[in-house]
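Subject: Structure handover

Hello,

I am passing this structure on to you. Please open it and keep it beside this email as you read.

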Amino acid sequence: MEEEIFKKRKLNIEKLVNFGFILEDNQYKYSKKIIGNSFRVDIIISKEGKVKGEIYDLETNDQYTNFRLENIEGDFVNRVKEEYKTILIDIANNCFDEKYFLFEQSNRLTKLINEKYNIRPEFLWKKFPNYGVFRNSNSNKWFAIIMNVDRSKIVALEKKEVEILNIKLDNLVTPYLKKKNIYPGYHFNKKNWVSIILDDVLTDQELMSLIDISYNLSGEKICKK
């Protein structure tokens, strides 16, 4: 539950402290009573943003774990689970900044694109909820898409999840394919598009210069810096 709620969130320490978290033993801790004040939820967040939660029965002082067991159902267990989930979502919304993508370079590029072009990613597919499309707001054409894929789909035999940037380069595709970390477009026309693995091999500035080309090709002059 915690991993799902916080996977696209980045911890904001200032917001965390303002929310009521207290720094103890190099971790941030927060408690709240639920179920008519008969149970206590303890939330512990590391400085890296890892979230852990525990629930205690205040009458017995025993830890309550039934809400995490898939084979246990019932109105009471579901109520505990929902109240716990509500607390997590509240913390996520108030103590973390939203990340559009899973990896840091993807999010840095998203920020740079928004600062330069005032464009945010669109997430268009339920089947692929992490695929973000950047669309030229005047021509309505795509100029970039960030996708999470298995690296082996881009580089043979290298199996692990990565995010790639697909951009349109048209007649510049061939010379750019000679550069490190740039590959034929994945799921796009390979004559016009390239895919770039977002793992900091290419700098943000190098990638933005390529995004500028794609933006220009999508039907609008590049905005002045």
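This is a predicted model: local features need pLDDT of at least 70, side-chain atom pairs count only at pLDDT 80 or more; totals for chains, interfaces and linings use all residues.

Start with α4, residues 104–117, and α6, residues 204–217. They pack at an angle of about 50°. Their axes are 11 Å apart. Angles from 65 to 115 degrees would count as roughly perpendicular, and those under 35 as roughly parallel. The two helices are therefore oblique to each other. The crossing of α4 over α6 is right-handed.

Which residues of α4 and α6 meet? From α4 come Q105, R108, L109, L112, I113, K116 and Y117. From α6 come D204, L207, M208, I211, D212 and Y215. Sorted by class, this contact has 8 nonpolar, 1 polar and 4 charged residues.

An α-helix has 3.6 residues a turn, so residues three or four places apart point the same way.

Helix α4

α4 has 14 residues. From first C-alpha to last it reaches 20 Å, close to the 20 Å expected at 1.5 Å a residue. Its buried residues are Q105, S106, N107, L109, T110, I113, K116 and Y117. What do they pack against? The partners are β9, β10, β11 and α6. After α4 comes N118, with a positive phi near 55°.

Helix α6

α6 also deserves a length check. Its 14 residues should span 20 Å at 1.5 Å a residue, and its end C-alpha atoms are 20 Å apart, which agrees. D204, L207, M208, L210, I211, D212, S214 and Y215 are buried in this helix. G219 follows α6, and its phi is positive, near 125°.

A loop residue

Now look at K127. Where does it lie? K127 sits in the loop between β8 (122–123) and β9 (132–135). Is K127 buried or exposed? Its relative accessibility is 70%, and so K127 counts as exposed, the cut-off being over 50%.

Compare its position with N216. K127 and N216 are 89 residues apart along the chain. Their C-alpha atoms are separated by 30 Å.

Best wishes

Note on methods
Residues are numbered from 1 along each chain as its sequence is written. Side-chain values use heavy atoms; hydrogens and water are left out. Axes are lines fitted to C-alpha atoms, for helices over the stretch in contact, and angles run from 0 to 180 degrees between N-to-C directions. Helices (H or I, at least four residues) and strands (E, at least two) are DSSP runs, numbered from the N terminus. Angles under 35 degrees count as roughly parallel, over 145 as roughly antiparallel, 65 to 115 as roughly perpendicular and the rest as oblique. A crossing is left-handed if the near helix is turned anticlockwise from the far one by less than a right angle, and right-handed if clockwise. Contact means heavy atoms within 4.5 Å. Ala, Val, Leu, Ile, Met, Phe, Trp, Tyr, Cys and Pro count as nonpolar, Asp, Glu, Lys and Arg as charged, and the others, Gly among them, as polar. The expected span of a helix is 1.5 Å times one less than its number of residues. Buried means under 20% relative accessible area, exposed over 50%, partly exposed in between (1.4 Å probe, protein chains only).
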